[in-house]
Amino acid sequence: MGIISLANSQTTGIQEAVKPNIIIIYADDLGYGDLSCYGATKISTPNIDRLAGRGLRFTNAHCTSATSTPSRYSLLTGEYAWRKSGTGIATGDAPAIITPGSTTIATVLKKAGYTTGVVGKWHLGLGPAGGADWNGEITSGPLDIGFDYNFIIPATGDRVPCVFVENRKVVGLDPADPIRVSFREPILTEPTGKDHPELLKLHPSHGHDMTIINGISRIGYMSGGKSALWVDENIADVITGKAISFIEKNRDRPFFLYFATHDIHVPRVPAPRFTGKSGMGPRGDAILEFDWTVGEIVKKIDDLGISGNTIIIVTSDNGPVVDDGYQDMAVELLNGHTPAGTLRGGKYSLFDGGTRVAFIVSWSGGIRTGTSDALFSQIDLLASFATLTGQTLQDSDAPDSFDQLNTLLGKSKKGRPWLVEHSGRLSIIKGDWKFIEPGKGAKILSDTNTETGNDPAPQLYNLKNDLGEKNNLAEKNPGVVKDLTGLLQTIRNNERTRY
Ligand code: NG6
Ligand code: CA
């Protein structure tokens, strides 16, 4: 308990609330080593590098989980996803995972007078138990947890339904051609990648062999909705356009935009203008497309003259994966590039490659620029924004979100006292130590070739001189193992960690 009580608000005394616009650009599967400002040499990301150059670049910032749904859940609610069942990687027909009426970043900022919007990948379920009504009103969505506007990919680019949802409706749906979605039985009228590989322009390497949409077989089965189907090559252009319209429309009032890109998740099918440009195949080209996206948003903010009044955050939902299920030559064309940088593991992993992510904050005039090595978690954005905008949280709100506003703005180097990472099981960082709970499970996922961090023995690494988590010091430091095991147990047993 002693350690947990260190989690008190970072900001003391009376602070005047300011209301800058807030934009979170949330990449999908972008690795710690995928950006040139984080040391990549085989690929160049000039727009993001420029943003980092005028902002604050974190070296020890983390998403909460090594996959999408739980990280997004924690980011929006300020609660560890592993506290709640049903927060694993969501199917395309999952019902809403965040209960309507819950406190989220969007509800907090809305109370502070912001106009709130989400554009891009949702992956947090839609609709009541039983799932969304794709052909009617889609209830229990972003509009029910604090967002004023949404234009979303319901789940992921590789899961059906392959349509956009704007507010409560599928965009461009012809009522005469209703959508059917199934994640259990095949819908026999539609060809699958499994039975008709000759129809594919992009072949799966594992999984992804169900309904074919635009020559790409997906996870899940779908029929109908032909006029509403997205075109993969256009996704970045479409959602960037929607994000920009939202910014333009709300330029004169405080706004919050959660802009979650499809890049660089599979299937990696960027716009033709990026094809072949990275020399690393579609994965590298998708990084260039992501960099372009960030550049467009920053340019719009600059052109509107609101950069002094706008916080822009660029980060990712989890670490990198190279082969995530399609034969897109990502492995073959890697060309010596290391997507996780010097970190071990990646997406799906308890090693730091799973959750230590690029995290850049910019706010002209509002932050101390440079780099920060402070330990920071995306879960803290909610409480930090609450402080920034003068909102008070109830005890039950955002139970694991700490006010780290001063860390976020570069005014403090202190950071969190500890940080939990999650992929099936938990690991924890405290000071220089990183402890991974012992547990069963494959050490390497053969499909994606990921080192998971699973080990029946406890693992303890000293990140200060062993960032690559190679040298297990657990046997030599039983006292540290005991302390961190106990701390994880306390964190788990309590319903909240913010006091
Ligand atoms: C996995 C998919 C993977 C990806 C992941 C979710 C297979 C074989 N693999 O189950 O391709 O979709 O789920 O990624 O289907 S995430 O970034 O949205 O969490
Ligand atoms: Ca992801």
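I count two strands as paired if DSSP finds at least two bridges between them. Helices (H or I, at least four residues) and strands (E, at least two) are DSSP runs, numbered from the N terminus.

I am working on a predicted model, where local features need pLDDT of at least 70, side-chain atom pairs count only at pLDDT 80 or more, and totals for chains, interfaces and linings use all residues. Residues are numbered from 1 along each chain as its sequence is written, chains are lettered from A and ligands numbered from 1 in the order in which they are written, and side-chain values use heavy atoms, with hydrogens and water left out.

**Sheet**

I looked up the pairing of β6 (residues 165-166) first. Strand β6 joins β7 through two bridges in the antiparallel sense, and Val165 faces Val170 of β7. Both strands belong to an open sheet of 10 strands with mixed pairing, in the order β7-β6-β5-β4-β12-β1-β13-β14-β2-β15. Its edges are β7 (169-170) and β15 (370-372), each of which pairs on one side only.

**Helices on the sheet**

Helix α2 (residues 68-77) lies across β1 (21-27), β4 (115-121) and β12 (255-260), at about 170° to β1. Helix α7 lies across β1, β13 (310-316) and β14 (359-362), also running at about 170° to β1.

For burial I used relative accessible area: buried is under 20%, exposed over 50%, partly exposed in between (1.4 Å probe, protein chains only). In α2, 10 of the 10 residues are buried, so the helix is largely enclosed by the rest of the structure. Among them are Arg72 and Tyr73. Just after α2, Gly78 has a positive phi of about 70°.

In α7 (residues 381-388), seven of the eight residues are buried, so this helix too is largely enclosed. The buried ones include Phe385 and Leu388.

Five of the five residues of β17 (residues 419-423) are buried. Leu419, Glu421 and Ser423 are on one side, Val420 and His422 on the other. Five bridges link β17 to the antiparallel strand β18 (residues 425-430), with His422 partnered by Leu426. One residue lies between the strands of this hairpin, where Gly424 takes a positive phi near 75°.

**Helix pair α4-α5**

How do the axes of α4 (residues 235-249) and α5 (residues 281-303) cross? They come within 10 Å and cross at roughly 15°. Angles under 35 degrees count as roughly parallel, over 145 as roughly antiparallel, 65 to 115 as roughly perpendicular and the rest as oblique, and α4 and α5 are therefore roughly parallel. The contact includes Ile244 and Ile247 of α4 and Trp292 and Ile297 of α5.

**Arg54**

I ended with Arg54, in the loop between α1 (46-53) and β2 (56-58). At 30% relative accessibility Arg54 is partly exposed. Not counting residues up to four places away in sequence, Arg54 touches Val298, Asp302, Ser307, Ser362, Ser364 and Thr369. Its C-alpha atom is 9.6 Å from that of Ile367, 313 residues apart along the chain.

How values were computed: Axes fitted to C-alpha atoms, helices over the stretch in contact; angles between N-to-C directions. Contact = heavy atoms within 4.5 Å.
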